[in-house]
Every structure is written in structure tokens, then in C-alpha cells.
Amino acid sequence: MREKFLIRLAHWHTHYPWRILPVVIIATIALGWFAQQLTITMRTQDLMPEGDPKVDEFNRIIDEFATATSIIVVVQGEEQRIKDFADDLAPRVSELRDSSQNEAFEEAIAGLQKRITDLEKSGNKTSEINSLQDEIERLQKRIDMQLFQRVDYKVETDFLQKHALMLVKAEDLKNTKDVFMDPNLTGLLTNLNNSLEKEYVGQQESISTREKEDQAVGFLDGIQQLLQTLQKAANGSPLSEMEVQTAADKFLLGEPYFLSYDKSALILNVIPNFSIMDRDLIMTGYEHMQLLLDETLENHPEVRAGLSGDIAREHDEQVHSEESLSFTTVIALIAILVMLVVAFRMWVAPILAIVTLFVGLIWAFGTAYLAVGQLNMMTALFSVLLLGLGIDFAVHLISGFTEWRAAGDGIGDSLEKTFLKSGKGIITGALTTIFAFSALLISQSRGMKEMGIVTGFGLFSILLATLLFLPVMLVLRERWVERRRKKKAGGQPVVAKDISFKNLGRWAEWLGKHYRVTLAGAAIVSAFLIWSALQIEYDRNYLRMEPKGLQSIALMDTIKEKFDLSMEYALCLANDAETSRRLSEEYRDLSTVARTADISIYLPSANEQQERAVHIADIRKRMSSTGIRQSIRRREFPILIQEIERLEMNIIEMQDMAYFGGQDKVDNKCKSIVGDPDAPKSANMIGDLLASLTFDRAKTIRRLSEFQQHFSPYFRQSVIDMCSTEPITLADLPVSALDRYSNPERDKFMITIYPESQLAINSIALNRFVDDIERVSEKTTGGPPVIKAWLQIAARDGRNAMMLTLVIVFFLLWGDLKKPGYALMAMIPLALGAFWMVGIWQWVGLLLNFMTLMGLPLIIGIGIDDGVHIMHRWQNEGRGQIKTIFASTGKAISLTSLTTMLAFGSLMFSVFPAWAWFGSSLVIGVGACFLTTVIVLPGILGMLERKTGQDNELITDEIHRPRIIERV
């Protein structure tokens with residue numbers, strides 16, 4: 001049946017090439033239009049099963065919470081300069097609008113309005129009209145669309161100036177309220193020391209958690225600002241009223257900007273008017289933001305700034321993935337073309353192979369769009385997969401056709417013999433590979449399932465294009481060559497020549513004759529590589545898979561380093577503020593959680609507010625009754641000096657406590673105030689202040705009195721303003737805080753959970769973190785839970801798909817080769833090649849990770865082809881033809897293996913290390929399967945032929961039947 005079809009196909013191509021060509025052209029134009037619509041998404045959640053609860057919850061959060069998707073501007077430089085930059089940039093962000101598609105939207109709206117008018121005339125079309133009006137409303141919003149809602153880069157100072165004390169825990173208020181009792185300088189420093197000794201000195205648990213450590217750093221930061229201002233006053237430097245008030249505000253409210261611990265970096269969180277689901281707006285929004293950033297940087301040359309966050313990362317990965325695939329594809333095409341030109345010693349045939357592959361890829365991309373709509377992180381690789389696998393079909397056809405033409409056969413005979421000798425193997429090899437990828441359809445993972453769909457359809461498209469288009473080109477080219485030859489040579493016959501790989505044939509023949517040595521050597525090598533495979537380690541550092549050189553990725557590392565803030569956070573939704581508060585507390589109690597952020601930061605519970613109100617009322621009463629002295633008395637000055645010295649000792653004790661407790665942030669902040677004990681020459685701010693104060697006592701007292709006259713009234717009034725005991729309600733919260741932690745309807749509240757460890761570098765930490773937070777709530781979602789779930793699903797799907805693939809391939813080969821023993825023989829090179837592949841990975845230092853493990857199920861579909869082609873040729877040629885088989889078909893599998901390796905090898909030039917590892921693993925796998933085919937299979941065939949020579953009953957009728965085609 002198949003032979004009849006192939007003979008008929010060869011006849012059609014030989015006699016009617018101009019009828020087939022228009023069909024190919026029309027199909028290419030149509031599928032090319034669909035191919036242009038194909039896009040790439042690099043989001044992890046797009047790899048998960050459809051309907052997965054974690055993905056659904058994640059997408060729900062993204063849809064309802066604008067702050068779940070953002071651009072983060074990371075600014076680096078000197079403190080005041082980066083603050084100036086932020087103040088310059090922030091108000092201009094809200095002015096960014098997208099007008100690039102206004103004309104298209106207006107035309108679309110006009111068309112929809114015309115349809116509505118027509119429907120209104122016909123009547124009874126209310127539902128359809130309403131649908132069209134909704135579409136018009138959506139399009140109108142896109143005209144001159146404001147891209148970003150706002151920029152968050154400061155705390156809500158207005159809210160804190162009234163409610164700051166209500167946000168402090170009752171126990172902390174009890175220990176620190178002395179600070180708010182006296183606005184005068186000496187009294188303030190005395191009360192400050194009392195509070196430090198109550199809250200921190202000797203109290204290791206006061207900085208034992210991330211939250212408490214950050215509070216301590218903030219408190220010390222306020223003290224540092226006060227000391228700096230005092231130093232300036234003591235030196236007689238002019239102090240503006242703004243500087244004095246800033247010192248008071250920072251002492252009371254903390255740093256208003258989102259500054260790093262070392263004050264060398266600042267972040268601005270740019271909130272968009274779109275979500276990460278809006279692919280076109282992601283690109284547009286990022287580009288507008290980058291242009292504005294570049295423009296602002298021109299006015300601040302001493303500042304460095306870049307974009308990070310979800311939107312920037314999505315943009316960078318999409319752009320660089322497309323560029324990387326384009327770049328690697330061009331490299332692969334050039335390398336394959338050069339290799340084929342050298343192998344075939346001609347230009348035309350290799351160019352025809354590349355053109356055929358290009359047509360096949362257009363068909364493949366078109367069918368991919370029709371099948372899945374867009375490519376994901378895994379299916380983005382399918383173009384390179386198809387490049388490596390699809391060229392094989394053309395190489396086999398060209399290799400066979402050119403051999404028979406070189407041997408002197410006519411065009412029709414050469415094409416028929418090629419289809420009969422190589423065509424069956426091409427179809428069987430293609431089907432085994434297609435079914436191998438189609439086995440991924442059993443996967444739950446959307447990524448792996450779509451990989452099976454697009455690669456299976458893609459390979460079939462390229463196979464179809466090769467069988468329909470390439471023979472037409474070969475026939476037309478040979479007709480033209482014959483006409484030219486007849487004109488030039490006067491019709492003289494062509495001299496036959498052998499262009500097969502004779503050396504490979506002789507090598508295989510020797511291996512077959514000495515099969516004992518061959519199989520023994522193969523067994524020794526296999527044993528060594530299997531042992532090597534068992535020693536391979538699993539790489540748990542997922543950070544190595546991230547692209548190098550991408551600004552958005554590099555700045556995430558900067559955020560982690562400068563702010564100790566991981567971007568690998570988890571998310572959870574609560575139905576009310578009280579549930580959000582409770583869940584947040586439970587998350588914070590976990591050892592794997594560094595901190596949480598939720599609405600309770602701004603909205604304590606009613607009971608908490610009642611407990612705090614008692615202390616706040618006391619503070620207000622005491623501060624209101626305390627008078628402000630206009631000057632510092634001479635007899636008071638020694639007490640002031642004594643309190644500053646006491647402050648130094650208290651901070652040194654905190655420093656020692658932090659050093660031994662491993663609280664580096666507190667330790668570093670203390671070093672910036674009292675110096676580094678391991679560096680005797682380091683600056684001591686308090687020591688310098690004491691030296692300034694005691695240099696000229698009379699001048700110092702006068703200057704500090706002037707400072708107190710400005711500082712104390714403002715400080716006193718600020719504390720009184722902060723002493724509001726009115727209950728805080730949801731309506732009292734600033735809009736920025738509400739938007740950050742609740743949806744527009746204010747009936748859902750988001751909790752952000754930050755891990756203690758860097759999850760990307762340790763999968764064990766990832767698993768522990770996710771297991772812990774999921775025990776608090778099964779609805780916890782976000783990046784880490786989604787990644788962990790996907791890795792588990794992908795590992796299970798990969799294993800199941802690999803087992804199913806082996807079964808499918810075996811039965812396909814059994815049906816094709818007619819004997820189960822022959823099917824197993826064809827699979828022996830594949831089985832050994834897989835072991836050799838992993839063994840070589842370990843030998844060359846390649847670690848196991850998710851991307852290299854993907855190569856295992858894929859190599860089953862890819863590596864089977866060599867054995868299939870050899871077994872098909874062996875059945876056709878019969879006993880004693882190992883030399884001929886490997887010289888002819890061996891040439892084809894050598895070339896196809898090289899082309900496949902070149903295609904996959906091009907991925908090593910990708911900016912994505914994960915893709916580079918994937919390409920490397922498959923290069924080794926394809927090479928290993930080729931080696932096992934040309935080394936082990938000759939030995940097996942030699943042994944089988946030796947035995948069948950002794951016992952003819954073991955030789956099937958298929959082997960003994962007359963050969964279909966005799967070699968000329």
C-alpha cells in the first residue's frame with residue numbers, strides 16, 4: 001500500500017510538477033498570514049494546566065489588583081541626588097499616554113457604530129447592539145489611554161502625621177513612649193536613652209525577626225538624622241527651617257522615600273492601567289516608560305536608573321527570546337547550508353533543502369497559530385526543534401536522489417527509487433517522532449501539551465512540504481540540467497559515479513565481521529557511561545537558568561542586595577480586612593517567611609486600637625503639658641553631653657548584640673553611627689559630635705539653643721498631631737494604600753508574602769517555603785507556588801510521556817518492520833544512546849536540571865530515526881550488504897545527525913542559559929544516538945547475519961526476497 005502510494009507520488013512529481021507547485025504556493029501564502037499573528041509569552045503560569053486553581057487564583061489577583069503588576073524603577077547614586085531624580089520623574093509618569101493606534105481605533109468605532117445603526121433599523125437586535133456598544137466603550141478607553149495610574153515611591157506621610165502612633169504595637173508604645181514626652185533637646189536625649197534601654201539594649205528578641213530588625217534600623221536611622229543635624233548646628237553651619245523639620249519628621253515618622261539600607265538606591269513602583277495579560281500594552285507601556293526614563297536621566301547625569309519588575313521582565317524576555325531565536329535560527333541555517341554544500345559538493349541541492357525547510361516552517365508556524373494561538377516558554381523552542389528535525393527529510397531525499405542520478409538513472413527512476421529506498425524510512429521516522437511528541441498530549445501541563453501539539457503538527461507540516469515541494473524542485477532542476485547538458489555535450493551519456501560514504505561502509509562492514517569485538521567494546525563503553533550517568537548531580541539553582549545581561553533581571557538582584565527584598569513573593573486573597581490580618585500574622589510566624597505586607601499595616605484591629613489608645617492618650621497629655629525652653633542652661637550642658645555619651649554606649653551595645661545575633665542590617669547601621677570596631681580609623685559620628693560640642697562651650701550652647709528654638713515647637717506639635725485616638729477605618733486610609741492591598745470594590749484584600757531565602761538558587765528552600773505557606777492557606781498563589789506546582793507536574797508528565805512514547809514507537813516499528821525483534825533492534829541504538837547521552841553530560845560537567853531533563857523524552861522521538869533508516873535499508877538490501885547500507889543510508893543519517901546537531905547547537909548562542917543547556921543536551925543526545933547506530937548496529941547485524949547464515953530458517957522471507965531495485 002505504502003509502496004504503491006510512493007510510486008504514484010513519484011509519478012505525479014515526474015510528470016505533473018507544474019500542477020503541484022501552485023498548490024504549495026497557495027498553502028504557503030495562506031499559512032504565512034496566520035504565522036505572522038503568532039506571539040510569544042514567557043510567563044510561568046502559561047505552562048500550567050488550564051483550570052489549575054493556583055493559576056486561576058493568580059490570574060484573578062492580576063485582573064483585580066493593579067499593584068500585582070508593575071514597573072519598578074531602580075535608581076542608584078548619592079542619596080540626595082536619587083531623591084531629586086525621583087521627585088522629577090514621578091509626576092511626569094502619569095502624563096504618559098498611548099496614541100499610537102488612535103486612528104485604527106477610531107475607524108473600528110465608526111464601523112461598529114454603522115453596524116449598530118443597521119441593526120437598529122432591522123429591530124429586535126438588542127443583545128447584539130449592547131455587545132457592540134460594549135466593544136465601542138472598550139475601544140474608546142484605548143484612545144489616548146493613560147498608561148499609568150500613579151507612582152509609589154514615598155510613604156503616605158499625611159496619613160502618618162495623624163495616625164502614626166496608632167500603627168505602633170501596644171508593647172512597643174509602652175517601651176518607647178518616653179521619647180514623646182519632652183520636646184526639649186536634653187529631655188529628648190534622656191528619654192531616648194531610656195527607651196533604647198527598655199526596648200533594645202540587652203533584649204536580643206527585640207531584633208530577632210525581620211520585622212523587628214527593620215524597625216530597629218528605622219529607629220536608628222532617625223537617630224542618625226538627628227545627630228547629623230545636631231552636628232551641623234554645633235559647627236555653626238546655617239540650618240534652614242526645612243532641614244530642622246526634616247530631622248524631626250524622620251525621627252518620628254522614618255524615612256519617607258523607599259530607600260535601600262545603605263541609602264545608595266531608591267525604588268519607584270509604577271502602577272499601570274493595564275495588567276500583564278494585555279500583551280500589546282506591556283510592550284507600549286514599557287517603551288514609553290523607558291523613553292521617559294532616558295529623557296529624565298539626561299538632566300541627572302550623576303544618577304543611574306533602570307526598569308525592572310513584572311512588566312519590564314516580561315518585555316525583556318519576550319524581546320530577547322524573539323531576537324535570540326531569530327539569531328540562533330540564522331546561525332543554524334547558515335551552518336546547515338555550509339555543511340550540506342561541503343557534503344554534496346554542490347550549491348543547488350542544499351539551497352533547495354533550505355528553501356523547502358523554510359516553506360515547511362511557514363506551514364508549521366501557521367498551524368501552530370491555528371492550534372494554540374501563541375507560543376509559551378517551552379514551545380518557543382519549537383522553531384529550532386523543527387529546524388533540526390525537519391531538514392532531515394530533505395537530506396534523505398536529496399541524498400538518495402543525487403546518488404541514483406550520479407549512478408546514471410533517469411529523473412523518474414531516480415525519484416521512484418529514492419521514494420522506495422528512503423521514503424519509507426522518512427515516513428516511518430517522521431511518524432515515530434510525531435507520535436513521540438504527540439505523547440505529550442497526555443500531560444496535564446499546558447506547556448508540555450502545547451509542545452506536543454505544535455511540534456507534532458509542525459513536523460507533519462514540514463514532512464508534507466518536503467514530500468510535495470522538494471521533489472518538484474528536484475525534477476524541474478534536473479530537467480533544466482539535462483537540457484543544458486544535451487546542448488553542450490551533444491547528448492553524450494553521463495558517466496556513472498559513486499558519491500556514497502564508502503569509508504563509512506567499509507568501517508561498518510569491518511564492525512559487522514568482527515561483531516564479537518564490536519559488541520564487547522560497546523558493552524564496556526556503555527557500562528562506563530551508565531556508571532557516569534549514575535554520578536550526575538541535580539542543579540537546584542534555578543537562577544542559573546535566567547538570561548544574562550537583561551537589565552530587568554540584573555536589577556532584581558540589585559533589589560535583593562540593596563533592599564533585602566526578594567521578587568519571588570507569594571500572594572493570597574482574603575475576603576475581609578480581619579482575615580487578611582489573621583493570615584498575615586500566621587505567615588509571619590513561619591521560619592521560611594521574612595515579612596508580609598497587607599492592609600493591617602495601615603488598619604489595626606479594633607482591639608489593637610483600643611489597647612494603643614490608652615498609651616497614645618498618655619503621650620498626648622504629657623507632651624501637651626510640657627513647656628518648651630528657649631535656651632539650654634549652662635548647668636544643663638554637662639547633662640546633655642552625658643546623655644550623648646550614654647547614647648553612644650547604648651548604640652555600641654546594640655551593635656554587639658546585632659553582631660552576635662547575625663542581624664547584619666542593625667550592625668551596619670550602628671557602624672555608620674559609632675564606627676566599626678574592627679576598623680579603628682572608621683568614622684564615629686557621635687565621637688565627632690562630642691568633639692564639636694566640647695570645643696567651644698559658650699558658642700555651642702548658643703547654637704544648640706537656637707536649634708532647640710526651631711526644633712522643639714515643631715517636634716511637640718508633630719507628636720500632638722500624631723496622638724489621634726479616633727479609630728482608623730477603611731475609609732480613612734489613603735487611596736494608594738487601599739489600591740495596594742485591596743481591589744476596586746474593596747471586598748478583597750491581598751497579602752504579599754516574602755521568603756526568607758533566595759528561592760531561585762535553592763529548590764529545597766523553594767519547596768519548604770511553598771509547603772509552609774500552603775499550610776496556612778491552600779489558596780496561596782504567586783510565582784513560587786506556581787513554579788513548584790509546574791515543576792512537579794512537568795516531571796510527572798515527562799516521565800509518563802516518555803513511557804508512552806517508548807510503547808508507541810515500539811508498536812509503530814513492529815507494524816512497519818513486521819517483526820518485534822526487528823523493532824527492538826531499531827530501538828537498541830536509541831536505548832544505548834540515551835544512557836550514553838546522560839553519561840557524557842556528567843563527563844563534560846553538564847548538570848541535570850529541568851531543561852536538560854526535557855531532552856530525555858525528546859531524544860526518544862529524535863534519536864530513533866537513525867536506527868529506523870538502517871533497518872529499512874537492511875530489509876530492502878538483504879543479507880551481506882552492510883557495506884552498501886552504511887555507505888548509502890549511512891551517508892544520509894550522518895548528514896541528518898550533523899544538521900540536527902547544528903540546529904540544536906545554535907541554541908548555545910542564546911542569551912537564555914536554559915535554552916543553551918537544552919541545546920547542548922540534545923547535541924550530545926543526537927551525537928550519542930548516531931554513534932550507537934554506526935557502531936553497535938553493525939555489530940548486531942553482523943551477528944544476526946552470521947547466525948542466519950548457519951540457520952536459514954531465522955532469515956525472514958522479506959530479507960530473502962529479490963531486491964526491488966538493483967544498484968546500477
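**View 1. The second largest cavity in this predicted model holds about 120 Å³ of space.** Of the 12 residues that line the second largest cavity, those closest to its centre are Gly-400, Glu-403, Ser-422, Arg-873 and Ser-888. At least two lining residues come from each of helix H15 (382-406), helix H16 (411-438) and helix H32 (882-905), and H15 gives the most, with 5 residues. A cavity is a set of points on a 1 Å grid over the protein atoms alone where a 1.4 Å probe fits but cannot get out, with lining residues having an atom within 4 Å of a point; its volume is the space filled by probe spheres set on the points. Helices (H or I, at least four residues) and strands (E, at least two) are DSSP runs, numbered from the N terminus.

Residues are numbered from 1 along each chain as its sequence is written. The model is predicted, so that local features need pLDDT of at least 70 and side-chain atom pairs count only at pLDDT 80 or more, while totals for chains, interfaces and linings use all residues, and side-chain values use heavy atoms, with hydrogens and water left out.

**View 2. A salt bridge joins the side chains of Arg-150 and Asp-739, at 3.2 Å from N to O.** This pair links distant parts of the chain, since Arg-150 lies in strand S5 (residues 148-152) and Asp-739 in helix H27 (residues 735-741), 589 residues apart. A salt bridge here is a side-chain nitrogen of Lys or Arg within 4 Å of a carboxyl oxygen of Asp or Glu, and the count by this rule comes to 47.

**View 3. Helix H13 covers residues 309-344 and includes Ile-334.** The 36 residues of H13 should span 52 Å at 1.5 Å a residue, which agrees with the 51 Å between its end C-alpha atoms; the expected span is 1.5 Å times one less than the number of residues. Just after H13, Arg-345 takes a positive phi of about 55°.

View 4. Gly-373 follows H14 and has a positive phi, near 90°.

Note on methods: 1 Å grid on protein atoms, 1.4 Å probe; cavity = no way out; pocket = protein on both sides within 12 Å on 5 of 7 lines; lining within 4 Å.
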